[in-house]
Amino acid sequence: MRGWLLAGLVAALSCQAQAADFSALRGEVAEAPPSTSELSGITLGARYWYSIGRHDYAHNASGFDPILGNPTSELKYTNIPASTGEIFARYDDIETGLVAKGMFGAGGLTDGGTMNDRDWFVGQQLFSSTNSSLKNSDLVYATLDVGWGAEYLTFGELQFLPFVGYGYWHDGVGIWGLTQLPDDFGGAFYGTPPGTVLFTPNQKVGSYIAAWNMVRLGTEATLKFTPQLSLTVDAAFVPYAQGDGDDSHLLRQQELGTKPNVLIRGHGWGTQIDAMAHYQVTSNFSLGVGGRYWYIDASSGSMTNPVISPFGIRFPLVRFSSERYGVLAEAAYKF
């Protein structure tokens with residue numbers, strides 16, 4: 001019996017020794033460090049955006065004067081080019097899933113585009129139509145978003161980041177020259193035939209600025225095709241946008257008041273979408289190309305001017321919108 005007990009004791013001690021050896025071996029094996037994509041960090045980068053813009057506003061003054069049409073007047077600013085540079089930053093906290101991201105861009109100073117100004121009598125009889133050239137575009141914008149998701153909303157190679165944020169968009173342009181176009185009265189309003197150059201393209205006749213403050217609700221979706229190549233779509237719905245349109249008619253200041261002498265105020269909705277293909281050059285540095293589309297419609301509002309505004313006279317808007325789209329290129333580095 002003592003022999004069996006001694007044999008069992010020896011076997012138990014041997015197992016414990018082996019376990020101690022394996023534990024020691026496990027302690028000597030260093031765990032693989034987490035990859036860069038699994039670490040919280042800050043990303044900084046820069047982008048170039050070449051874009052084409054458009055603005056449109058119209059009002060209805062027929063309730064004030066029944067001889068006027070609805071719309072009474074419409075101004076369309078089309079094919080407005082702009083070149084802008086922007087910086088962006090992003091912080092990812094992988095542990096909590098929180099993400100903060102923002103950008104700021106500025107530029108413009110590009111010539112191009114046209115402005116068409118039309119006015120109607122009742123029955124939409126066109127009594128005035130003119131064209132002007134657009135120069136010296138001015139574009140400033142910013143967004144700031146906070147989201148949650150990161151690796152908590154990852155499904156295979158697809159990752160989502162819902163976010164909420166704020167956006168600002170200032171888009172302005174100078175108006176030069178004035179050429180008369182055909183109308184329904186043969187140019188009787190101006191007393192000259194259609195095609196007459198009323199002011200040369202070297203004379204500035206006005207300016208227009210549309211400024212938007214926006215609430216952003218959206219989702220960023222990233223799809224990885226390979227470890228180096230991915231596609232990111234940042235789509236924001238704008239449930240509320242408040243817009244200020246300041247139109248300066250420099251040739252009509254005695255009639256309409258000092259500039260800006262057409263004041264448009266409205267609110268509405270819109271959308272802002274970025275789509276970028278990214279290539280991971282190194283674990284920290286990436287390059288990207290893509291496109292961007294912005295649109296805001298704030299046709300719920302009114303138009304007035306400094307002369308009639310003190311009397312509480314405001315004309316309801318028929319249209320008040322801005323649109324801009326173009327191509328993007330970016331470089332980014334993750335610290």
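**Figure 1. Aromatic pairs in a predicted model.** A search of the whole structure finds 15 aromatic pairs. One of them joins Phe121 and Phe127. Their ring centres lie 4.1 Å apart and their planes meet at 20 degrees, so this pair is stacked. The structure shown is a predicted model. Phe121 is partly exposed, with a relative accessible area of 26%. Phe127 counts as buried, at 10% relative accessibility. Tyr333 and Phe335 form an edge-to-face pair. Here the centres are 4.9 Å apart, with 65 degrees between the planes. Tyr333 is partly exposed at 37% relative accessibility. Phe335 is exposed at 60%.

**Figure 2. An aromatic cluster.** Which residues form one aromatic cluster? They are Phe121, Phe127, Phe185, Phe189 and Tyr190. Phe121 and Phe127 are the stacked pair of Figure 1.

**Figure 3. Charges over tryptophan rings.** Look for Lys135 and Trp176. The charged end of Lys135 sits over the ring of Trp176. The distance to the ring centre is 4.9 Å. Now turn to Arg292 and Trp49. Arg292 lies over the face of Trp49, 4.6 Å from the ring centre.

**Figure 4. A nonpolar patch on the surface.** The patch is formed by Leu223, Phe225, Leu229, Leu231, Val233, Ile273, Tyr279, Val281, Leu287, Tyr293 and Tyr325. Together these residues have about 890 Å² of accessible area. Strands E9 (229–249), E10 (262–280) and E11 (285–304) each give two or more residues to the patch. The largest share, 3 residues, comes from E9. Leu223 is found in strand E8 (residues 197–224). Leu223 is partly exposed, with a relative accessible area of 31%. Patch members need over 30%, so Leu223 passes that cut-off at 31%.

**Figure 5. Two cis peptide bonds.** Most peptide bonds are trans. Where are the cis peptide bonds with omega of about 5 degrees and about -10 degrees? The bond with omega of about 5 degrees joins Asn70 and Pro71. Pro71 lies in strand E2 (residues 68–93). The bond with omega of about -10 degrees joins Lys259 and Pro260. Pro260 lies in the loop between helix H2 (253–256) and E10.

**Figure 6. Positive phi in two loops.** Most residues other than glycine have a negative phi. Leu109 has a positive phi, near 55 degrees. Leu109 is found in the loop between strand E3 (98–108) and strand E4 (114–121). Is Leu109 buried or exposed? Leu109 counts as exposed, at 72% relative accessibility. Gln124 also has a positive phi near 55 degrees. The place of Gln124 is in the loop between E4 and strand E5 (125–148). Gln124 is partly exposed, with a relative accessible area of 30%.

**Figure 7. The chain around the close-ups.** How many helices and strands does the chain have? There are 2 helices and 12 strands. Along the sequence, their pattern is α-β-β-β-β-β-β-β-β-β-α-β-β-β. The chain has 335 residues, and 41% of them are buried. The accessible surface of the chain comes to about 17,100 Å². Carbon and sulfur atoms hold 64% of that surface.

Conventions
Residues numbered from 1 in each chain as written. Predicted model: local features only at pLDDT ≥ 70, side-chain atom pairs only at ≥ 80, totals over all residues. Heavy atoms only, no water. Phe/Tyr/Trp six-rings, centres within 6.5 Å; stacked < 30°, edge-to-face > 60°. Buried < 20%, exposed > 50% of the residue type's maximum accessible area, 1.4 Å probe, protein only. Lys NZ or Arg CZ within 6 Å of the ring centre and 35° of its normal. Patch = residues over 30% accessible without salt bridge, like charges linked within 9 Å, V, L, I, M, F, W, Y side chains within 5 Å. Areas by Shrake-Rupley, 256 points an atom, 1.4 Å probe, with all protein chains shown as cover. Salt bridge = Lys/Arg side-chain N within 4 Å of Asp/Glu carboxyl O. Helix = DSSP H or I, 4+ residues; strand = E, 2+ residues; numbered from the N terminus.
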